[in-house]
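Trainee: I would like to learn how to read a few features of a model. Please show me.

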Amino acid sequence: MAKRDYYEVLGISKGASADEIKKAYRKMAIKYHPDKNPGNKEAEDKFKEAAEAYEVLSDDNKKARYDQYGHAGMGGNGGFGGGGFGGGMNMEDIFSQFGDIFGGHFGGGFGGGQRQQQVRGSNLRVRIKLNLEEMVNGTQKTIKVKKMKVAPGVTSKTCPTCHGSGAQVKVMNTMFGQMQTQTTCGTCQGLGKVADKIPAGANAQGLVKDEEEVTINIPAGARDGIQLNVRGKGNDAPFGGNPGDLYVVVEEEVDNTIKREGDNLHQELYISFAEAALGTQKEIPTVGGKVKIKIDAGTQSGKILRLSGKGLPSIDSYGKGDMFVHINVWTPQKLTPEQKAFFEKQMEQGEMLAEPSGKEKTFFDKVKDLFN
């Protein structure tokens with residue numbers, strides 16, 4: 001089933017302010033909260049859907065990417081936002097947002113009492129190198145990630161101190177009488193569970209270091225330094241908790257042929273003296289594949305050809321940059337006797353001399369043309 005538009009989920013317009021987004025989410029959260037709709041699967045799904053929408057639209061960076069790329073830019077398995085909550089969704093992820101939305105009073109508003117903490121694995125960060133074509137067109141990469149995983153055979157048991165509640169109740173005698181306070185359990189740190197059976201080689205939490213293959217979908221238009229979130233592919237959590245996330249930082253590979261300048265691309269093209277004099281056609285690489293360009297007869301070294309729209313897609317608009325091809329006429333360094341005789345004859349006859357017409361463009365003219 002296709003995902004609904006996040007703005008539609010919260011019932012707001014695309015130009016809604018941060019306060020309007022927050023108010024809309026608060027309204028939906030109250031309406032579909034599980035404590036108000038016990039056993040109602042439809043209400044629970046709407047509750048999660050609203051939380052996912054708010055998680056994206058309340059974050060300026062995620063909102064900007066969503067506005068440009070829609071759901072395709074937010075994830076799946078490794079999109080810009082890691083797919084929102086998706087399959088790794090849990091109620092603690094949602095409840096953790098309520099301190100901001102409801103001023104810290106929402107946690108016991110419907111269900112009452114202290115909620116047992118949900119343990120979560122730590123996040124991981126890796127770097128991945130992409131060439132220009134992969135960054136422009138998008139690609140899929142499978143990498144090996146070293147991570148902490150739950151050891152086979154590890155077991156846990158209910159905390160003997162708090163009996164699984166994750167909290168301890170303390171009674172203190174004061175001058176005003178007895179006062180009761182509730183604090184996080186010091187034995188299990190609020191998890192409600194402690195380790196029981198730990199296999200050999202595992203740490204105190206029953207975790208071992210292992211390697212796992214992770215497939216990452218790189219969206220089209222990625223840039224150097226962009227961070228992708230693969231939800232649930234970080235370190236495992238002990239005691240049946242949710243795994244952390246894997247953050248993938250994109251690095252641009254240095255291209256020996258094509259150089260990038262913002263959204264524009266540049267490359268050098270060497271042609272022979274004969275090709276410059278007579279004209280020719282050349283096939284050159286671009287990020288969209290190879291293209292043929294025409295070299296006019298009499299082309300001078302230093303001429304710059306502009307291929308419109310053959311650069312990178314712009315992040316700030318729907319346009320594309322250009323490709324600039326810098327022509328260099330290659331002067332032969334070694335001549336055969338026949339070639340040498342030919343050129344000597346031309347010089348003796350006064351042919352093929354450098355005779356500028358005065359209409360040739362200077363270096364500064366060429367630079368100026370680049371920005372017109």
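Trainee: Is Leu246 buried or exposed?

Mentor: Buried means under 20% relative accessible area, exposed over 50%, partly exposed in between (1.4 Å probe, protein chains only). Leu246 has a relative accessible area of 0%, so it is buried. A caution on sources: this is a predicted model, where local features need pLDDT of at least 70, side-chain atom pairs count only at pLDDT 80 or more, and totals for chains, interfaces and linings use all residues. Residues are numbered from 1 along each chain as its sequence is written, and side-chain values use heavy atoms, leaving out hydrogens and water.

Trainee: Which residues does Leu246 touch?

Mentor: Contact means heavy atoms within 4.5 Å. Not counting residues up to four places away in sequence, Leu246 touches Leu124, Val126, Val145, Val214, Leu228, Asn229, Val230, Lys233 and Gly234. Leu246 lies in strand β9 (residues 246-252). Strands (E, at least two residues) and helices (H or I, at least four) are DSSP runs, numbered from the N terminus.

Trainee: How are two packed helices described?

Mentor: By the angle between their axes and the distance between the axes. Axes are lines fitted to C-alpha atoms, for helices over the stretch in contact, and angles run from 0 to 180 degrees between N-to-C directions. Take α2 (residues 18-32) and α3 (residues 41-57): the angle is about 165°, and the axes are 9 Å apart. The two are therefore roughly antiparallel.

Trainee: Which residues make the contact of α2 and α3?

Mentor: From α2, Ile21, Lys22, Tyr25, Met28, Ala29 and Tyr32; from α3, Ala43, Lys46, Phe47, Ala50, Ala51, Tyr54 and Leu57.

Trainee: At what angle do α3 and α4 cross?

Mentor: At roughly 105°, with the axes coming within 6 Å; α4 spans residues 60-69. That makes α3 roughly perpendicular to α4. Glu55, Val56 and Leu57 in α3 meet Lys62, Lys63 and Tyr66 in α4.

Trainee: How many disulfides are there?

Mentor: A disulfide is a covalent bond between the sulfur atoms of two cysteines. Here the rule is a pair of cysteine sulfur atoms within 2.5 Å. The count is zero. Cys159 is in no disulfide: the nearest cysteine sulfur, that of Cys162, is 3.7 Å away. Cys159 counts as buried at 1% relative accessibility, and Cys162 counts as buried at 6%.

Note on methods
Parallel < 35°, antiparallel > 145°, perpendicular 65-115°, else oblique.
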